[in-house]
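Open the model in your viewer and follow the stops below. Each stop says what to select and what is there.

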Amino acid sequence: MLNKGLNILVTGGVRGIGKAISLAFSKYESNIYIWDINDNGFDELKSTIESNGSKVFFNKVNIADFAQVEKAVNDILESNNIDIVINNAGITKDNLLMGMKEDEWDSVITVNLKGTFNVSKHIIRSMIKKRSGCIINIASVIGLMGNKGQANYAASKAGIIGFTKSLAKEVGSRNIRVNAIAPGFIETEMTLKLSEDVIKEYSKMIPLKRMGKADDVADLCVFLASDMAKYITGQVINCDGGMLM
Amino acid sequence: MSKVFEFVKTLLVENMQIDESKINMDANIIEDLGADSLDIMDIVNDIEKEFNVTIPQDQYENLRTVGDVVNFVEDKLGK
Ligand SMILES: NC(=O)c1ccc[n+]([C@@H]2O[C@H](COP(=O)([O-])OP(=O)(O)OC[C@H]3O[C@@H](n4cnc5c(N)ncnc54)[C@H](O)[C@@H]3O)[C@@H](O)[C@H]2O)c1
């Protein structure tokens, strides 16, 4: 379904949803560039990706750092194009607004929203020149529905949605598609922090009656990156078991 | 023709697949050559890199023809 031999950049691709995304693309003889601030577990991931027939390159990049991202993009572009970008890296720093520290606000906005800007901004020009490309931004249902204790996170993810739609309009004429995925409640280290009670409560609200798996999101990424989605741009697609409709 | 003109011409041909014969100093970049705002930003970026000059965004609206751009860059280069 996906063309073979594509160059794919996945931010935050070492664990959680990003890891599942890297693995999903590794089934298509891809060249996968993973950027993450943490390389814990990368070696194991690398051997799985390679045994699936793809190549993988790791670079320790903090997506919140504009200059570092610029350099890392240029390092790739010197020898290769990037066909697909998955802006996946993201963090949470939950707190009720009354108690939220300035740093909790700033860091979440900077990593999630500015990080998406940093990466897209530096890559878009090469896609415009090539007149093709696909950007997928990992937002969240929280960006659409809000959540107590997550004003910073919800704002960053809602920001990503506005960013996605604007960029889709800017570059559509150059055959570049930009979409967002809004995952619901997915089992990863990010959600492991939650108590069993909270998880039970949430699951009740999900028509499919289970938490999502990182694979559920990864499969949607492959679909959106493939030619099967060639007429889809500027959309936010929920991957949430029906949690938000 | 000048080095700057030749460079701009190549950009227009390569980036926008414009027929070479249509490109002359009087050609209006938007109206005659069909550029949109993205094309302009792209062309400006390439010119800035090549000649190590800056073309401020508030100047774009004064740079309507190929000749306007070439003259602007040549002025900056002090020719
Ligand atoms: N897990 C969920 O339920 C859920 C739901 C909706 C959306 N999401 C979104 O999905 C994405 C992935 O989440 P996850 O659950 O896999 O999280 P995770 O914490 O398991 O993984 C995130 C990865 O991003 C990396 N990262 C963090 N900050 C970075 C930075 N500044 N630069 C580069 N890499 C950085 C981390 O090292 C980690 O490897 C996030 O954007 C998250 O907001 C997750």
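Which residue in S2(A) does A:Val10 stand opposite? Select A:Val10 and look across: the residue opposite is A:Ile34 in S2(A). Keep in mind that this is a predicted model.

**Stop 1: the strands of chain A**

Now select strand S1, residues 7–11 of chain A. S1(A) pairs with strand S2, residues 31–36 of chain A, in the parallel sense. The pairing runs over 5 bridges.

Because 5 of the 5 residues are buried, S1(A) is largely enclosed by the rest of the structure.

**Stop 2: A:Ser22**

Select A:Ser22, in helix H1 (residues 16–25) of chain A. Its relative accessibility is 0%, so A:Ser22 counts as buried. Leaving out residues up to four places away in sequence, A:Ser22 touches A:Val10, A:Gly13, A:Ile32, A:Ile34 and A:Ile49. Next, pick A:Ala72. A:Ser22 and A:Ala72 are 50 residues apart in sequence, and their C-alpha atoms are 18 Å apart.

**Stop 3: two helices of chain B**

Move to chain B and select H1 (residues 3–16) and H2 (residues 37–51). Their axes are 11 Å apart, at an angle of about 140°. That angle makes H1(B) oblique to H2(B). The crossing is right-handed. By class, the contact of H1(B) with H2(B) has 9 nonpolar, 1 polar and 5 charged residues. Color the contact residues, including B:Phe7 and B:Leu11 in H1(B) and B:Ile43 and B:Ile47 in H2(B).

How values were computed:
Residues numbered from 1 in each chain as written. Chains lettered and ligands numbered in written order. Predicted model: local features only at pLDDT ≥ 70, side-chain atom pairs only at ≥ 80, totals over all residues. Heavy atoms only, no water. Axes fitted to C-alpha atoms, helices over the stretch in contact; angles between N-to-C directions. Helix = DSSP H or I, 4+ residues; strand = E, 2+ residues; numbered from the N terminus. Parallel < 35°, antiparallel > 145°, perpendicular 65-115°, else oblique. Left-handed = near helix turned anticlockwise from the far one by under 90°. Contact = heavy atoms within 4.5 Å. Nonpolar A, V, L, I, M, F, W, Y, C, P; charged D, E, K, R; others polar. Buried < 20%, exposed > 50% of the residue type's maximum accessible area, 1.4 Å probe, protein only. Pairing = 2+ DSSP bridges.
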